[in-house]
Amino acid sequence: MNYIGKNFSIEKVSAKTLAKKYPTPIYCYSYKKLKKNILNLKKNFKSFNPLLCFSVKSNANLNLLKEIKKLGCGADVVSIGELMIALKAGIKPSKIVFSGVGKTSNEIKYAIEKNILLINAESKSEIIEIEKIAKSKKKVVDIGIRLNPDIDAKTLNQISTGKKENKFGVVEKIFLEITHFIKNSKHLKLKCLSVHIGSQILNHKPYEKMLKIIDKIIKKTHHNFEYVDLGGGMGIPYENNIKKLSYKKYSHAINKFLKNYKTKIILEPGRSIIGNASVLISKIIYIKKAKNKNFIILDAGMNDLMRPSLYGSKHHIIPAIKKGKVIKQILEFVGPICESTDKFLTLKKFQKLKEKDLVVICDVGAYGMSLSSNYNLRPKPIEILVKGSRINIIKKRQNIKDLI
Ligand code: LLP
């Protein structure tokens, strides 16, 4: 995804061409980038050949999931909906793991019926519920227990999940108690220790710390875990000056851990697979002058891309067509939603803009469409997958009539 001449293009298709054919805003994905990200993960972690379970919550588009499946991934799901769509995409149950603190009986029943690889349980009560259902179905269910290692993942507070004050997983004492409980159960089989300390992690050190804690706890259990599921969280650089997470260093830490164990590693990447594989193309509706700055009012709003309003996250904004030189000016890119937090980014320089110009909001593939909503009764945008010069509509824009 880059400029071909003056035109920002997704593979061989320019943003301008797409905006002529389809209503903006448009989520547009590059197949090449998606594939590259998966191959890159495989290459960097090939010494221990992990099972890559794509985290469906980061992007649940059926057609993308089909492509992700073809590239060899399984799925990490957190609801019956995500489990159903992963299966519909053709992902084998033996490559699906199910996490989440509040799985309902229905969700557990469905997961057991489908014989998925692991239910990663997050509390004693959940374990008791799974056992009850397994018993009624006369089945033995493969279980992972999610550990809360009490680690600061050094990421945004809102997306940290491995500190003791977070609701996720269980602390060491309960972990050991549950281990004991499962060992004595006829209907549960303890197969996995799972963990996920947070998202958008850019430094390998919290992972190193996490692996040391896992090592210590496994020793205390005296149990041979067939799998260790390290979750996802691998971050991507949303801004130019940010250093990437070193896959090499993370992989090195995992290899060090594996010296003591014969266990299969599961990773649950979401953002690192789909994050930088998509842009959001948006049109300027109005430009409004204010004191010391101009508001650039886009046809994309916080309902289409929630991350900036929810976490203060920065997604770079660039022109769809390069015209003229970059000049100093203060521009605040906002959406049309009736909320003051409906703003994407403030920039101090940009090329001269006019109404109806197109802009491109970058790196929106993960938690972009999946966090979108119908707030202000706005239809969700169209999703397009570009392969070379081929344009595939992978989800139609919602119809306002259907919403009404
Ligand atoms: N596994 C588990 C158990 C998770 O909870 C998550 C993300 C992942 C894997 C995938 O993490 P990733 O590789 O994508 O970092 N909405 C937030 C991110 C929330 C992440 C929730 N859990 C955002 O837009 O930044």
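**Figure 1. Strand E19 and its two partners.** In this predicted model, strand E19 covers residues 382-387. Five of its six residues are buried, so E19 is largely enclosed by the rest of the structure. Strand E4 (residues 26-30) runs parallel to E19, and five bridges join the two. Within that pairing, Tyr 29 stands opposite Leu 385 of E19. Strand E20 (residues 390-395) pairs with E19 as well, here in the antiparallel sense, over five bridges. Ile 384 has Ile 393 of E20 as its bridge partner. E19 and E20 form a hairpin with two residues between the strands. In that hairpin, Gly 388 takes a positive phi near 65 degrees.

Figure 2. Arg 378 sits in the loop between strand E18 (358-361) and E19. Is Arg 378 buried or exposed? Its relative accessibility is 18%, so Arg 378 counts as buried; the cut-off for buried is under 20%. Contacts of Arg 378, leaving aside neighbours within four places in sequence, include Asp 299, Asp 304 and Asn 303. Ala 300, Gly 301, Pro 336 and Ile 337 are also among them. Val 364 lies 14 residues from Arg 378 along the chain, and 19 Å separate the two C-alpha atoms.

**Figure 3. The open sheet E1-E2-E3.** Three strands make up this open sheet, in the order E1-E2-E3 and with antiparallel pairing. Strand E1 (2-4) and strand E3 (13-14) are at the edges. Each has a single partner strand, so one side of each is left without a neighbour in the sheet. Strand E2 (residues 7-10) is joined to E3 by two bridges. Ser 9 has Ser 14 in E3 as its bridge partner.

Figure 4. The domain assignment divides the protein chain into domain 1 (2-29 + 275-403) and domain 2 (31-272). Their centres, taken over C-alpha atoms, are separated by 32 Å. Domain 1 puts 23 residues into the contact, and domain 2 puts in 22 residues.

**Figure 5. The largest nonpolar core.** This core holds 97 residues. Which residues touch the most other members? They are Leu 230, Tyr 250 and Phe 333. Helix H8 (residues 205-221) gives the most to the core, with seven residues. Both domain 1 and domain 2 supply at least three residues each. Tyr 250 touches Leu 230, and also Phe 45, Met 234 and Leu 267, among others, not counting residues up to four places away in sequence. Another core, of 20 residues, lies apart from the largest one. Leu 18, Cys 28, Leu 358 and Ile 384 are among its members.

Figure 6. H8 has 17 residues. At 1.5 Å a residue the helix should span 24 Å; its end C-alpha atoms are 25 Å apart, which agrees. Which residues of H8 are buried? They include Pro 206, Tyr 207, Met 210, Leu 211 and Ile 213. Further along, Ile 214, Asp 215, Ile 217, Ile 218 and Thr 221 are buried too. The buried residues of H8 pack against helix H7 (172-183), strand E10 (188-194), E11 and H9. Just after H8, His 222 takes a positive phi of about 55 degrees.

**Figure 7. Strand E12 between E5 and E11 pairings.** Strand E5 (residues 51-55) pairs with strand E12 (residues 264-267) in the parallel sense, over two bridges. Leu 51 stands opposite Ile 266 of E12. Strand E11 (residues 227-229) is parallel to E12 too, with three bridges. Val 228 has Ile 265 in E12 as its bridge partner. From E11 the chain crosses through helix H9 (residues 247-258) to E12. This β-α-β crossover is right-handed.

**Figure 8. Gly 144 in strand E9.** Gly 144 belongs to strand E9 (residues 141-146). Its relative accessible area is 0%, so Gly 144 is buried. Not counting residues up to four places away in sequence, Gly 144 touches Leu 118, Ile 119, Asn 120, Ala 121 and Cys 192. Glu 113 is 31 residues from Gly 144 along the chain, and their C-alpha atoms are separated by 17 Å.

Terms used:
Residues numbered from 1 in each chain as written. Predicted model: local features only at pLDDT ≥ 70, side-chain atom pairs only at ≥ 80, totals over all residues. Heavy atoms only, no water. Pairing = 2+ DSSP bridges. Helix = DSSP H or I, 4+ residues; strand = E, 2+ residues; numbered from the N terminus. Core = buried A, V, L, I, M, F, W, Y, C linked by side-chain atoms within 4.5 Å. Buried < 20%, exposed > 50% of the residue type's maximum accessible area, 1.4 Å probe, protein only. Domains from an automatic or database assignment. Contact = heavy atoms within 4.5 Å. Right-handed = clockwise from strand over helix to strand, strands pointing away. Expected span 1.5 Å × (residues − 1).
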